[in-house]
Amino acid sequence: MVPFAGYEMPVQYAAGILAEHRHTRTHASLFDVSHMGQARLPLAAAAALEALVPVDVLGLAAGRQRYAFFTNEAGGILDDLMFSHAGDYYFVVVNAARKVHDFMLLAKHCGAEVLADRALLALQGPLAARVMAGLSPATGALAFMQTAALAIGGAACFVSRSGYTGEDGFEISVPAGEAERLAKLLLAQPGVAPAGLGARDSLRLEAGLCLYGHDIDASTTPVEAGIEWAIQKVRRRGGARAGGFPGADVILPQLEHGTARRRAGVLPEGRAPLREGETLLDAVGRSVGRLTSGGFGATVNAPVAMGYVESPLARPGTGLTAMVRGRPRACRVAALPFVPHRYYREKTP
Amino acid sequence: MTTLRMTEDHEWIRIDAAGIGTVGITQFAQEQLGDIVFVELPAVGRQLAQGEDAAVIESVKAAAECKSPVSGTVTEANGALADEPGKINQDPMGAGWFFKLRLDDPKQLERLLDEAAYQAKTAK
């Protein structure tokens, strides 16, 4: 167990990070992510939330979830979050390390009620749908980024079909008092094994997903980070509710004109992982970027990394050099994600 | 008759009858590192000083160095680790050995820990 954002968290269980990672991609893994912050907002707070995030809140239909980020006046990212329209309220999940900041912000502007008495479990992997259907058939009706209040094993849960691994899966908000029983029930299902923070990190890295405080923070904008897909047309220039969020005068022009640097995938030659903080050089030895995440991708069976690179060099295939312990390592820019996402998408009629 | 000694930095060295030392990392070290995905070993013929960084270990959690427990000349490196670095996790004191070296001064072994003293240090 290691301390993480004030919580004692398992980095790994007995199987180890590589095995837990691979199990998630081939079967299903249960992650305890109860350290994340959960809150509810009144539906009337939609416009107030739109003043904090560059995302379409008012247009979100009941039963649906969206990815968003709080921004600052410089266009930097204060945290990323998930929010869903739960019918009678908005349900919000924020990062553990940013809970205090986010909850104070949401309480001040949106009348947030912190849900301190709820745990959060994530069941991720190709077998997740079958496992969940066996416990609650209604989960089968959910597509990626859809949500529902459902009883699972007798516990009143709020379920979203989403996750942080690139796989199909579910995140389950459950009353804290019933969390252990539900976790044991899920772990008792065929094909389900526990996975810790280590596998969660390597899975999200392979899936090209950002980790707050590493790949995104107050010094990176959503456009630099390549997550501008989360900014719907209605909040962009020409949209009905364009702007009106912190840093709009930075972010909106970036959407049209681009940025000097972009987040990119990086694949080194050889087997040794690259690590966060290492400098990237171009062909003539000029510093052109820095790694923000790095590790071993157990599914691609090779080291994978990502970081920020000068935009003209951020194209897949560009050759770069990473300085590792003072020695050059050849690497190249690669498209993200490193493994294809396998979300269960809604069928378009 | 073989001699096994450990360092406080979690390396082991086993001296065979011919006086050649085999070096690796301890069970405790591999547990702390977790799954090892890469190891960079010293070249044969390299002169190592006692305590010098001899190998780089990369695990899913961190990068670490394996120091040479004694001074000497590398006579062999465990090439099997290039394809199967997991051997270090599975059998750190056996198939997961790192390199062999000819000792400059066997007296340096006296400053290392015997197995019981090492176990006492790492037991909590």
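Which residue stands opposite Val56(B) in strand 7 of chain B? The residue is Glu65(B).

Before continuing, please note that residues are numbered from 1 along each chain as its sequence is written, while chains are lettered from A and ligands numbered from 1 in the order in which they are written. This is a predicted model, in which local features need pLDDT of at least 70 and side-chain atom pairs count only at pLDDT 80 or more, whereas totals for chains, interfaces and linings use all residues.

**Stop 1**

Select residues 53–59 and 63–67 of chain B, which are strand 6 and strand 7. Helices (H or I, at least four residues) and strands (E, at least two) are DSSP runs, numbered from the N terminus. Strand 6 and strand 7 of chain B run antiparallel and are joined by five bridges; two strands pair if DSSP finds at least two bridges between them. Three residues connect these strands of chain B in a hairpin.

Next, select strand 1 (residues 3–6) and strand 2 (residues 11–15) of chain B, an antiparallel pair with four bridges. Here Met6(B) is placed opposite Trp12(B). Four residues lie between the strands of this hairpin, and His10(B) takes a positive phi near 75 degrees. His10(B) has this positive phi although it is not a glycine. Is His10(B) buried or exposed? His10(B) is buried, because 23 other C-beta atoms lie within 10 Å. A residue is buried if 20 or more other C-beta atoms lie within 10 Å of its own, exposed if 12 or fewer, and partly exposed in between, with C-beta atoms placed from the backbone.

**Stop 2: where the chains touch**

Display both chains together. Nine residues of chain B are in contact with 13 residues of chain A; contact requires C-beta atoms, placed from the backbone, to lie within 7 Å. On the side of chain B that touches chain A, strand 4 (residues 36–40) of chain B gives the most, with three residues. By class, this side of chain B has four nonpolar, one polar and four charged residues. Ala, Val, Leu, Ile, Met, Phe, Trp, Tyr, Cys and Pro count as nonpolar, Asp, Glu, Lys and Arg as charged, and the others, Gly among them, as polar.

**Stop 3: the domains of chain A**

Colour residues 2–206 of chain A as domain 1 and residues 260–334 of chain A as domain 2; these bounds come from an automatic or database domain assignment. The centres of the two domains of chain A, taken over C-alpha atoms, are separated by 30 Å. Eight residues of domain 1 of chain A are in contact with eight residues of domain 2 of chain A. On the domain 1 side, helix 1 (17–26) and helix 6 (197–206) of chain A each supply at least two residues.

Seven of its ten residues are buried, so helix 1 of chain A is largely enclosed by the rest of the structure. Among the buried residues are Ile17(A), Leu18(A) and Glu20(A). The buried residues of helix 1 of chain A pack against strand 3 (28–32), strand 9 (118–124), strand 13 (192–194) and helix 6 of chain A.

**Stop 4: the nonpolar cores**

A nonpolar core is a set of buried Ala, Val, Leu, Ile, Met, Phe, Trp, Tyr and Cys residues joined through C-beta atoms within 7 Å. The largest has 94 residues, and those with the most contacts inside it are Leu41(A), Val92(A), Leu121(A), Leu123(A) and Phe99(B). Centre the view on Leu123(A), which touches residues including Ala28(A), Leu30(A), Phe170(A) and Leu186(A), not counting residues up to four places away in sequence. A second, separate core of 21 residues includes Val288(A), Leu291(A), Met306(A) and Phe338(A).

**Stop 5: backbone details in chain A**

Select Met145(A), in the loop between helix 4 (128–135) and strand 10 (147–152) of chain A. Met145(A) has a positive phi of about 70 degrees although it is not a glycine. Met145(A) is partly exposed, because 19 other C-beta atoms lie within 10 Å.

Finally, move to Pro337(A), in the segment after strand 19 (327–334) of chain A. The peptide bond from Leu336(A) to Pro337(A) is cis, with omega near -5 degrees.

Terms used
Two residues are in contact if their C-beta atoms, placed from the backbone, lie within 7 Å.
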